[in-house]
Amino acid sequence: MRLEDKTYPVTGEIHLEVCRDKKIINQIDDHNLVVDAGRKRLAALAAGKVGSYTESYITHIGLGSGSTEESINDTKLENQQLFPLTSVEINGRDVQCNFFIANNEAVGLSIRELGLFCTDGTMFSHRVRQGVIEKYEDIELKGYWILHF
């Protein structure tokens, strides 16, 4: 009898609420692409490598204005701004990265793309949206990004 191991790709999903004056004006649910740099982090973790790879983990959400479709070779966002995650939770094979962007952060940015980033600035995953979120002083963003392993 031959054992067959089914490999499932690492995937993710983004849940985002756009709020004005503490009221939700838009909800966005979308998927993402885990880029090669993120997959290399996972490979190093599996191999038990010490050094910068294993000491660097996902800590930030990034916002950017780029509209070019995401690629496995992506390493940064256009007009990138990084913000610390508010918390990270593990549920079985899922990791949930929670975030909050206050009304006084990223003001003036036309947000078209989002990313998850490690402590050393390495991009882990990326999503380019079709629509634009215009970030004004009365807009807050909150939500979570789930990675499925």
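# Salt bridges, sheet and core

K142 has a relative accessibility of 34%, so K142 counts as partly exposed (buried is under 20% relative accessible area, exposed over 50%, partly exposed in between, for a 1.4 Å probe and protein chains only). The model is predicted: local features need pLDDT of at least 70, side-chain atom pairs count only at pLDDT 80 or more, and totals for chains, interfaces and linings use all residues. Residues are numbered from 1 along each chain as its sequence is written, and side-chain values use heavy atoms, with hydrogens and water left out.

## Salt bridges

The count comes to 6 salt bridges (a side-chain nitrogen of Lys or Arg within 4 Å of a carboxyl oxygen of Asp or Glu). One of them pairs E17 with K142, with 3.8 Å between the closest N and O atoms. This bridge links distant parts of the chain. E17 sits in strand β1 (residues 11-20) and K142 in strand β10 (residues 139-148), 125 residues apart. Strands (E, at least two residues) and helices (H or I, at least four) are DSSP runs, numbered from the N terminus.

R20 bridges to D138, and here the closest N and O atoms are 2.9 Å apart. R20 lies in strand β1, while D138 is in the loop between β9 (123-134) and β10, so the pair ties together parts that are 118 residues apart in sequence.

R41 forms a salt bridge with D120 at 2.8 Å between the closest N and O atoms. This pair, too, links distant parts of the chain: R41 belongs to helix α1 (residues 36-47), D120 to the loop between β8 (110-118) and β9, and 79 residues separate them.

| Residue | Relative accessibility | Class |
|---|---|---|
| E17 | 22% | partly exposed |
| R20 | 32% | partly exposed |
| D138 | 31% | partly exposed |
| D120 | 44% | partly exposed |

R41 has a further side-chain link. A polar contact of 2.8 Å joins R41 to the side chain of T122. A polar contact is a pair of N or O atoms within 3.5 Å; within protein, one must be able to donate a hydrogen and the other to accept it, and residues adjacent in sequence count only if both atoms are side-chain atoms.

## The open sheet

Which strands form the open sheet? There are 5 of them, in the order β2-β1-β10-β7-β6, and the pairing is antiparallel. β2 (23-31) and β6 (87-91) are the edges. Each has a single partner strand, so one side of each is left without a neighbour in the sheet. E89 stands opposite Q96 in β7.

## Strand β4 and its partners

β4 is mostly covered, with 6 of its 7 residues buried. It runs antiparallel to β8, joined by 6 bridges. G62 stands opposite G115 in β8. β4 is also antiparallel to strand β5 (residues 81-84), with 4 bridges between them. The bridge partner of H60 in β5 is P84.

## Core and contacts

The largest nonpolar core has 27 residues. I58, I61, L63, L116, L141 and W145 have the most contacts inside it. Six elements are named as giving two or more residues to this core: β1, β4 (58-64), β7, β8, β9 and β10. Such a core is a set of buried Ala, Val, Leu, Ile, Met, Phe, Trp, Tyr and Cys residues joined through side-chain atoms within 4.5 Å.

Beyond residues up to four places away in sequence, L116 touches I58, H60, I61, L85, C97, T122, M123, F124, S125, W145 and L147 (contact means heavy atoms within 4.5 Å).

S125 lies in strand β9. Is S125 buried or exposed? Its relative accessibility is 0%, so S125 counts as buried. Its side chain makes a polar contact of 3.2 Å with that of N32. Leaving aside neighbours within four places in sequence, S125 is in contact with N32, L33, V34, V35, L114, G115, L116, W145 and L147.

Conventions:
Pairing = 2+ DSSP bridges.
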